[in-house]
Amino acid sequence: MKCGLLGRKLSHSYSPKIHSMLGSYDYVLFEKEPEELEYFLKNGDFSGINVTIPYKKKVIEYLDDLSPAAKEMGAVNTIVRRSDGSLIGHNTDCFGFSSMVKKSGLQVAGKKVLVLGSGGASATASAVLQKMGAHAVIISRSGESNYDNLHIHADASVIVNATPVGMYPDTGISPVNPDLFLKLEGVLDLIYNPARTQLLLDAEKRNLKTENGLWMLVAQAKESAEWFTGQKIPDTRIAEIYSALKSQTENVVLIGMPGCGKSTVGPILAKKMQRRFADADTAVAEKAGISIPEIFEKFGEPGFRELETAVLAELGKQSGLVIATGGGCVTMEQNYPLLHQNGCIFWLQRELSTLSSEGRPLSKSGNPEQMYRIRKSMYQSFADHTVDNNGTAEECAQKICSIWEANL
Ligand code: NAP
């Protein structure tokens, strides 16, 4: 059985991975230009396909039939070839989105929910929200409710981002500022890469409920797989596949005092978790073309910090890395969202008297107790977890693996 994903640019898609966990059919990527669409749908070698940006509406004119959900949404994300060769379109994003709302724990009935964007995902989200009893308002750049008159919706309880703003690789930007909405209870972002868009990071800062689009992606794929195979898949598979994907894609970030063992524990951990290891200090030296002590000598600490932030911006938005940071990265507040957007941050703690100062200009010239006093609260504010590294590096790596697995 041959299935796959139809879209225009698909290299970053998680769908092949998800479908490999859902069924035993082949799942391939069909990257097509608009002018190739009709021929592909009429003659393509597939039994079932998913459809993504920008073809969810466009495919409808080439289909023989639509399921009630696809008809209602005016968008198709799953096509099945029936035994007589005809094509039927389904919409499994509805199930995916309603499952995401439930997972978030947000109660939307009777509340005003702003849905950002007016494309296919926005139409699906708005229809599902209305069915759940919410008052959904679409915010569109060219609509009556737009980004210049958001104050008229200051009473909104929930925001749903159904735009691509903040998506990899253009991370660090947000379509709206959650601080404009005083009654806000939560933010749902349909984007899943990065795990925390700037919008979700801003919402987290206010302790609001947040959910990214990964759960929806897995849930809609589960229902698609049911259409492809004709077999029911238990809903419990959604959580299992979601955890597996989260584990593979989020970064593990190590912070801590200079010489506490981040660059030693990092490669051991990366091997254990079958990930790539990236050392931020090494990347800074490579970027500058000179060693860390030479950077300090030539450009001072401000010059080093600037380079370090540029390197963390690049590393932080990648997926599935173990990243060892420089000991002072926490002194720059702007490094936090760069590391946290796609990463879980572990603070490695080691007895100050045993810290190595080799090749570390600030450690050589200063006193570790004084440095620790200044930085302790900064490490605390960056860290998701704290890990003792007074034993062996292997033991420390094992502790991180255990915490990681317990938190999936
Ligand atoms: P789409 O049909 O292209 O619609 C996106 C909408 O976003 C546009 O109609 C536009 O609305 C708005 N928009 C686009 N660029 C913008 C910008 N620079 N600033 C502000 N608004 C902008 O795409 P879609 O299929 O609806 O997907 C939207 C997002 O949801 C994508 O990030 C996609 O990856 C995600 N998604 C996730 C899942 C999942 O399973 N997690 C499923 C479907 C979609 P206006 O012109 O009206 O402002």
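I count a polar contact as a pair of N or O atoms within 3.5 Å; within protein, one must be able to donate a hydrogen and the other to accept it, and residues adjacent in sequence count only if both atoms are side-chain atoms.

My ground rules: this is a predicted model, where local features need pLDDT of at least 70, side-chain atom pairs count only at pLDDT 80 or more, and totals for chains, interfaces and linings use all residues. Residues are numbered from 1 along each chain as its sequence is written, and side-chain values use heavy atoms, with hydrogens and water left out.

I began with backbone partners. A ligand nitrogen atom is 3.0 Å from a polar backbone atom of L190. For ligand oxygen atoms I found a polar backbone atom of A121 at 2.8 Å and one of G119 at 3.2 Å. Taken alone the ligand exposes 900 Å², of which the protein buries 77% (Shrake-Rupley method, 1.4 Å probe).

**Ligand shell.** I looked up who surrounds the ligand (a heavy atom within 4 Å): 20 residues, with S118, A121, S140, R141 and G213 coming nearest. Helices α5 (120–131) and α7 (214–229) each supply at least two of the shell residues (DSSP runs of H or I, at least four residues).

The ligand takes up the space of the largest pocket (more than half of its atoms lie within 2 Å of the grid points). I note a pocket as an open set of points on a 1 Å grid over the protein atoms alone, where a 1.4 Å probe fits, with protein on both sides within 12 Å along at least five of seven lines; lining residues have an atom within 4 Å of a point. The largest pocket has 47 lining residues, and T52, I53, K56, P164 and M167 lie nearest its centre.
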